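Please consult the sequence and the structure alongside the text.

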Amino acid sequence: MMRDFKETFMKYVFLFCATLSIVSIILIFYFIFQGAIPFLLKTGVWNFLSGSVWRPTASTPKFGIFPMIVGSFAVTIGAVIIGVPIGVLTAVFMAYFCPEKLYRYAKPAINLMAAIPSIIYGFFALQLLVPLSRQLFGGTGMNIITASILLGIMILPTIIGLSESAIRAVPKDFYSASMGLGATHERSVMSVVVPAARSGILSSVILGIGRAIGETMAVILVAGNQPALPRRLTSGVRTLTTNIVLEMGYASGDHRDALIATAAVLFVFIIIINIIFMLIKKNKEVA
C-alpha cells in the first residue's frame, strides 16, 4: 500500500515539474511578445530588423537593430570557430588519452571554469586580451576578435563536459571491435567512437552557441559597444543582449518597447538556431 502511494506521489511530482517547465516557457513567450508585437506593428518588422541606425533618444527616434544582429552573429560565429574544435578535442583527450593522474586535476579545473561568474571572465579579458589585441591589431582592443576569443573560452566547459559524457556513453564494444580489426588507438577513437557520439557532441555545440549568443556582462567590457555596422574584425560592436542591458535602466515609451522587441528578436533567433540543429541532428541519425 505504502509502495503504491509513493509511486503515485512521485508520478505527480514529476508531472508537476514537467508542467511547470512548459508553463514557464509559455509565460516567457507571452510576456515578451505581448510587449513587442504592438511596437513591431507600429514601426514595421522589416524597418526594425533592417534599420542600420539606432538613435532612440533623438528628436526623431530611429530604431534599427541590424548592426546589433550582425554584431551578435559575428561574435557568436567567432566563438564557435575558436571554442568548438578546442572543446571537442579536449573532450576526446579527457575520455581516451588523459592519464589518470592528470585527469584528477584537469576535470575539477574544467568544472570550475563553468562556475566562474561571467563578469570575472570579462575582467580577465579586459586586463589581458584587450591590451594584447590593442598591440596586435591597433585601435582600442575592444573588438570582434577580443569578444570572440573571450566567448570561445567561456563556452569551453559546456562543450567539454557534455561532449566527454557523450563520448564515454558510446559502448566500449565499438572501440574494441575497431581495435580487433587492426586499427590504431587514435584511429579507433577518431573514426569510430567520436562519430558514434556525434549526437551528444552536437547537443553540446547547441548549448555552447546558446550561451555565446546570450552572454551579456562579459561582452559589455570587451566588445566596444558601438551600435554601428562593423566593417572589419577589429571594429567595435554591440550585441543584442548588451543593447538591452545598457539602455533598459533609463528607457521609457517607444524606447523601452524597442528594447523588449529586441529581446523578442533574440528569442526567435535562439528558437530558429535550435530548430535548425535539431533537424540536422535528426537527419544524421536517420542517415
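What distance separates the centres of domain 1 and domain 2, taken over C-alpha atoms? The separation of these two centres is 30 Å. The protein is divided into domain 1 (1-43) and domain 2 (67-250), with bounds that come from an automatic or database domain assignment.

This is a predicted model, in which local features need pLDDT of at least 70 and side-chain atom pairs count only at pLDDT 80 or more, whereas totals for chains, interfaces and linings use all residues. Residues are numbered from 1 along each chain as its sequence is written, and side-chain values use heavy atoms, with hydrogens and water left out.

**Overall architecture**

The protein contains 13 helices and two strands; these are DSSP runs numbered from the N terminus (helices: H or I, at least four residues; strands: E, at least two). Its C-alpha atoms fill a box of roughly 75 × 65 × 35 Å along the principal axes. Of the 287 residues, 40% count as buried, where buried means under 20% relative accessible area, exposed over 50% and partly exposed in between (1.4 Å probe, protein chains only). Contact means heavy atoms within 4.5 Å. Among contacts between residues at least 6 apart in sequence, 70% join residues at least 24 apart.

**Nonpolar cores**

A nonpolar core is a set of buried Ala, Val, Leu, Ile, Met, Phe, Trp, Tyr and Cys residues joined through side-chain atoms within 4.5 Å. The largest such core has 62 residues, and F48, W54, I65, L150 and I167 have the most contacts inside it. Because domain 1 (1-43) and domain 2 (67-250) both give residues to this core, it lies between them. A second, separate core of seven residues includes M94, A106, L156 and I160.

| Residue | Residues touched |
|---|---|
| I167 | A91, V92, A95, Y96, V193, A197 and I201 |
| G122 | L150, A218, L221 and V222 |

G122 lies in helix 5 (residues 118-137) and is buried, with a relative accessible area of 0%. The C-alpha atoms of G122 and F66, which are 56 residues apart along the chain, are separated by 25 Å.

Why is helix 12 described as largely enclosed by the rest of the structure? The reason is that six of its eight residues are buried. The buried residues of helix 12 are L240, T241, T242, N243, I244 and E247.

N225 lies in the loop between helix 11 (217-222) and helix 12 (240-247). N225 is also buried, with a relative accessible area of 19%. Most residues other than glycine have a negative phi. N225, although not a glycine, has a positive phi of about 55 degrees.

**Cavities**

A search of the whole structure finds two cavities of 30 Å³ or more. A cavity is a set of points, on a 1 Å grid over the protein atoms alone, where a 1.4 Å probe fits but cannot get out; lining residues have an atom within 4 Å of a point. Grid points are joined across faces, edges and corners, and a volume is the space filled by probe spheres set on the points.

The largest cavity has a volume of about 40 Å³ and is lined by I206, I209, G210, I270, I273 and N274. Helix 10 (198-214) and helix 13 (254-286) are the elements that give two or more residues to this lining.

Methods
1 Å grid on protein atoms, 1.4 Å probe; cavity = no way out; pocket = protein on both sides within 12 Å on 5 of 7 lines; lining within 4 Å. Lists of a residue's contacts leave out its neighbours within four places in sequence.
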